Amino acid sequence: MPETLTQARELIHAVAAELMHDPAQEASCTLGTVYGEVRQRWVVVYSPQARQRALK
């Protein structure tokens, strides 16, 4: 899901601290949600490389 969706941003913020427990390690989590009246499974992925790109 793109981070332009409010629900995606909220889910990312809700799990960010847990995923970044060790900022040098990649981490992910799977979440169940309903978007557009459709049950979906979203995977939130943290990687140090993506974080560095985002900070630039």
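Predicted model: local features only at pLDDT ≥ 70, side-chain atom pairs only at ≥ 80, totals over all residues.
Figure 1. A pocket is an open set of points, on a 1 Å grid over the protein atoms alone, where a 1.4 Å probe fits, with protein on both sides within 12 Å along at least five of seven lines; lining residues have an atom within 4 Å of a point. Residues are numbered from 1 along each chain as its sequence is written, and side-chain values use heavy atoms, without hydrogens and water. The largest pocket has 18 lining residues, and E3, I12, V44, V45 and Y46 lie nearest its centre. Two or more lining residues come from each of α1 (6-19), β2 (38-46) and α2 (48-55), elements defined as DSSP runs (helices H or I, at least four residues; strands E, at least two). The largest share, six residues, belongs to α1.

**Figure 2. The largest nonpolar core.** V15, L19, C29, L31, V44 and Y46 form this six-residue core, a set of buried Ala, Val, Leu, Ile, Met, Phe, Trp, Tyr and Cys residues joined through side-chain atoms within 4.5 Å; buried means under 20% relative accessible area (1.4 Å probe, protein chains only). At least two core residues are supplied by each of α1, β1 (27-35) and β2.

**Figure 3. Surroundings of Y46.** Beyond its neighbours within four places in sequence, Y46 is in contact (heavy atoms within 4.5 Å) with L19, M20, D22, P23, Q25, E26, A27 and R51.

Note on methods
Buried < 20%, exposed > 50% of the residue type's maximum accessible area, 1.4 Å probe, protein only.
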